[in-house]
Amino acid sequence: MLFQVGGQGSHPTFFEMSAAQQLPSSLRAALTYSIGVLALRRPFLHKVLDYEDEFFAALTLILETHSLRTTDASFAETLYGLRRRAVNVQVKKDDLHMEAGNRIQHTGLRKRQKLLSVVFLVVLPYFKSKLHAIYNREREAALQASLWGNVDERFDEIDNLGDASSSFASTSGLDTDLSVRTRFRKRMDKIVATCYPWLHAGTEGLAFAYQLLYLLDATGFYSPGLHALGLQVCRATGQELMDTSSRISKIRSNERERLRGPPWLKAVQGALLTCAYAVLDYAQTGLIAAVFGFKVAKEGIPLPPDRTLCPLCSQKRANPSAVTVSGFVFCYACIFKYVSQYNRCPVTLVPANVDQIRRLFHDL
């Protein structure tokens, strides 16, 4: 439990729930920024950025699975001292003249509820990010087509003319299959681009309605996902925190007892388990502290010893260009991409924009 917001009773405040919900997206943005800065000096990290959705989904899958397994709460909820509890509503009628009352029973999470919680926390956000990327790509293509015409179709026509003038006896079948797949994919992308705004508006509107009702104490469910799962989020009591510690110890002792093999193999497996437990135990505070520490201690990239090299790509400068706010020279493509994304000089971290980039026609 890293953060604790004041309040009365076991019912968390709206601000606690809102902060817990926004933490994963904020953490993802901070991680993306940190990896992007580090990738300037370690180019292999660009592969992580190329598969950003998959990387973050795998990371959250590990964290959420471990957190739900040990604490009955999501990764973000654990930081705020919250727990998920199953809610069973039973209607009890004592008399015809008495009103029906609701009796709520809180129990621990079942395996099915934990699995569905992972689906709502990891799988659905992953698919939503993919749909959002397709929508953005189609929107940019439509905007480009409205300004410059359909460039893709013109290139396709040129390619088709070139193919017609060449031999196609052995490749016509393959080209046909590829064209069919391409047309099908483009059609599906257009369908997604058409339906996604309505889907997004519907889900966001429903989520807003639940949050408003939660703020007004009209419902105990903060989101439609929690309502569908039959789960409510409550503050963890001192007894629950003690029970969580004993449960974690019992789970880990059982896992160690299931180790099989010769003594040396058991020792290796035990060491690996110990390392994995340590990483998972300190993943919450360590991950957040590392990101904040990186942002506090950030410095500009160092200059290479050879003045003819670009500080960003460490290669000989191509189309040398200078940032007027600092005077340092880079490759035009490198500095244009960096300033467009971060709006600053990479060496001095002074704010800058692309209008302050000047091409140099004589590299001194």
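Predicted model: local features only at pLDDT ≥ 70, side-chain atom pairs only at ≥ 80, totals over all residues.
Me: Why is Leu212 called partly exposed?
Reply: The scale is relative accessible area: buried means under 20%, exposed over 50%, and partly exposed in between (1.4 Å probe, protein chains only). Leu212 has 40%, so it belongs in the middle class. Leu212 sits in helix H7 (residues 172-215), where helices (H or I, at least four residues) and strands (E, at least two) are DSSP runs numbered from the N terminus.

Me: And how do you know whether Gln211 is buried or exposed?
Reply: Gln211 comes out at 16% relative accessibility, so it counts as buried.

Me: What makes the pair Glu54 and Lys130 a salt bridge?
Reply: A salt bridge is a side-chain nitrogen of Lys or Arg within 4 Å of a carboxyl oxygen of Asp or Glu. The closest N and O atoms of Glu54 and Lys130 are 3.0 Å apart, so the pair qualifies. It links distant parts of the chain, with Glu54 in helix H3 (residues 52-71) and Lys130 in helix H5, 76 residues apart. Glu54, at 29% relative accessibility, counts as partly exposed, and Lys130, at 31%, is partly exposed as well. Both also belong to a network of salt bridges with Arg28, Glu52 and Asp53. A search of the whole structure finds 10 salt bridges.

Me: How do you know that the side chains of Asp189 and Arg137 meet in a salt bridge?
Reply: Their N to O distance is 3.7 Å, which is inside the salt-bridge limit, so the name applies. The partners come from distant parts of the chain: Asp189 in H7 and Arg137 in H5, 52 residues apart. Asp189 has 7% relative accessibility and so counts as buried, while Arg137, at 43%, counts as partly exposed. For Arg84 and Glu77, whose closest N and O atoms are 3.0 Å apart, both residues are buried.

Me: How does the reach of helix H5 (residues 111-148) compare with what is expected?
Reply: The expected span is 1.5 Å times one less than the number of residues. H5 has 38 residues and reaches 54 Å from its first C-alpha to its last, close to the expected 56 Å. H5 does bend by about 35 degrees at Val119, the bend being the angle between axes fitted to the seven residues ending there and the seven starting there. Among the buried residues of H5 are Gln113, Ser117 and Val118. H3 has 20 residues and reaches 28 Å, close to the 28 Å expected.

Me: Why is His132 said to be partly exposed?
Reply: His132 has 36% relative accessibility, so it counts as partly exposed. It has its place in H5, and its C-alpha is 9.1 Å from that of Pro197, 65 residues away along the chain.

Me: What makes the phi of Ser314 worth a look?
Reply: Most residues other than glycine have a negative phi. Ser314 is not a glycine, yet its phi is positive, about 60 degrees. Ser314 lies in the loop between helix H11 (283-296) and strand E4 (320-323), and its 35% relative accessible area makes it partly exposed. Asn343, not a glycine either, has a positive phi of about 55 degrees. It is placed in the loop between helix H12 (332-342) and strand E6 (357-359); at 45%, Asn343 is partly exposed.

Definitions and conventions:
Residues numbered from 1 in each chain as written. Heavy atoms only, no water.
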